[in-house]
Amino acid sequence: MLWKDIFPDEFEAAVEKCGGVCVIPIGAMEVHGVHMALGVDTLQAAEYSKRAAEVSEVCVFPELYFGDLGGANLLPGSIIFPTEVIWTILEHACLEIVRNGFKKIVIVSGHGGNQWMLTAFLRNMLIKHPEMLIYKYFQGLIYPAELLSDITKYPYLTENDVSILESYEREGKQGGHGCFSEVGLSYDIDPTLVRINKVDAVSASSTRMYDKFDVNGIETWLSWFGNFPNSYVADIHYGMNERIARAMGQRMTEKLSGVLKLIKEDTVSADFHREWYEKSFGTDLVKG
């Protein structure tokens with residue numbers, strides 16, 4: 001269920017029905033070449049959280065559009081907030097979620113660049129607000145190999161669709177940022193979010209500027225953007241259609257609903273969280 005759709009006199013019952021679990025979808029407002037809309041990372045996180053929540057019966061908080069970006073200020077339409085601002089928004093969202101009765105918070109990110117920021121955020125919240133139990137999950141992408149591994153789950157795919165997926169694997173096509181798989185997930189949500197005829201409008205190849213750094217495990221905040229100034233990394237394979245996109249969306253929903261079900265049923269984290277707190281601070285977590 002969606003937080004925004006709950007009536008106030010039904011809120012307490014909604015929290016109970018959701019098992020005390022609330023999801024915060026977060027993405028970014030960033031460029032993926034010129035063939036994808038700017039907000040697709042957030043839209044994917046929000047839409048698939050919504051679909052998964054219908055299966056696993058959890059609550060979905062309003063999505064957060066602004067994520068962690070490096071160097072993207074050079075591209076039109078990108079929005080970059082300081083990390084401390086994003087942390088503050090997330091912190092207060094979590095505090096409000098807990099104040100309203102939820103016990104578990106799941107941050108679902110549709111933007112890979114958020115991963116390091118969110119890991120640091122969870123650690124910070126553990127010390128600052130140890131009463132909050134927060135999980136994070138990176139949504140990732142759905143590649144053709146994953147669909148091909150159990151193709152019978154998608155009976156609406158045609159022989160030609162399967163051939164397209166198989167050729168993607170056979171030709172060793174690589175996924176990345178704005179790739180075939182990311183196009184498919186956005187296409188599944190809303191075909192107007194992608195312009196397949198524009199996939200080759202700008203280069204998705206690396207400038208190789210930071211190759212020596214990459215092979216030696218060295219990274220700077222601008223190294224990825226230096227290699228990929230169009231914020232686009234992909235071997236595009238033509239053939240995306242509504243059926244392949246639907247299969248990718250179906251698989252994404254299955255994976256995320258499974259994750260939410262696991263978290264909803266999880267007791268290990270809460271028990272160890274309490275044990276860790278008592279050993280660290282010498283007091284009961286509930287009593288504070």
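**View 1. Surroundings of Met240 in the predicted model.** Leaving aside neighbours within four places in sequence, Met240 is in contact with Phe180, Val183, Gly184, Tyr187, Ile196, Ala245 and Met248. Phe180, Val183, Gly184 and Tyr187 are buried residues of α7. Met240 also belongs to the largest nonpolar core.

**View 2. The largest nonpolar core.** This core holds 46 residues. Which of them touch the most other members? They are Val106, Leu157, Phe180, Met240, Ile244 and Met248. Two or more residues come from each of β1 (21-26), α2 (40-56), β3 (104-109), β4 (133-138), α6 (159-170), α7 (180-189) and α10 (242-265). Of these elements, α10 gives the most, with eight residues.

**View 3. Helix α7 and its packing partners.** Nine of the 10 residues of α7 are buried, so this helix is largely enclosed by the rest of the structure. The buried residues are Phe180, Ser181, Glu182, Val183, Gly184, Leu185, Ser186, Tyr187 and Asp188. They pack against α2, α5 (144-148), α6 and α10. An α-helix has 3.6 residues a turn, so residues three or four places apart point the same way. In α7, Glu182 and Asp188 are among the buried residues.

**View 4. His111 and its contacts.** His111 sits in the loop between β3 and α4 (115-128). Is His111 buried or exposed? His111 has a relative accessible area of 6%, under the 20% limit, so this residue counts as buried. Beyond neighbours within four places in sequence, its contacts are Ile26, Gly27, Ala28, Glu30, Asp41, Asp68, Leu69 and Phe138.

**View 5. Positive phi at Arg208 and Ser231.** Arg208 is not a glycine, yet has a positive phi of about 65°. Arg208 lies in the loop between α7 and α8 (211-215). With a relative accessible area of 58%, Arg208 is exposed. Ser231 is not a glycine either, and has a positive phi of about 50°. Ser231 is placed in the loop between α9 (223-227) and α10. Is Ser231 buried or exposed? At 3% relative accessibility, Ser231 counts as buried.

View 6. Along its principal axes, the C-alpha trace spans about 60 × 45 × 30 Å. A compact globule of 288 residues would have a radius of gyration near 19 Å; the protein has 20 Å, which agrees. Of the 288 residues, 47% count as buried. Among contacts with a separation of 6 or more, 77% join residues 24 or more positions apart.

**View 7. Surface and charge.** The accessible surface of the protein comes to about 14,300 Å². Carbon and sulfur atoms account for 56% of this surface. There are 26 positive and 39 negative side chains. The centres of the two sets lie 2 Å apart.

Note on methods
Residues are numbered from 1 along each chain as its sequence is written. This is a predicted model: local features need pLDDT of at least 70, side-chain atom pairs count only at pLDDT 80 or more; totals for chains, interfaces and linings use all residues. Side-chain values use heavy atoms; hydrogens and water are left out. A nonpolar core is a set of buried Ala, Val, Leu, Ile, Met, Phe, Trp, Tyr and Cys residues joined through side-chain atoms within 4.5 Å. Buried means under 20% relative accessible area, exposed over 50%, partly exposed in between (1.4 Å probe, protein chains only). Helices (H or I, at least four residues) and strands (E, at least two) are DSSP runs, numbered from the N terminus. Contact means heavy atoms within 4.5 Å. The radius of gyration is taken over C-alpha atoms; the globule rule is 2.2 Å times the number of residues to the power 0.38. Accessible areas come from the Shrake-Rupley method with a 1.4 Å probe; for residues, only the protein chains shown count as cover. Lys and Arg count as positive and Asp and Glu as negative; His and the chain ends are not counted. The place of a charge is taken as NZ of Lys, CZ of Arg, CG of Asp or CD of Glu.
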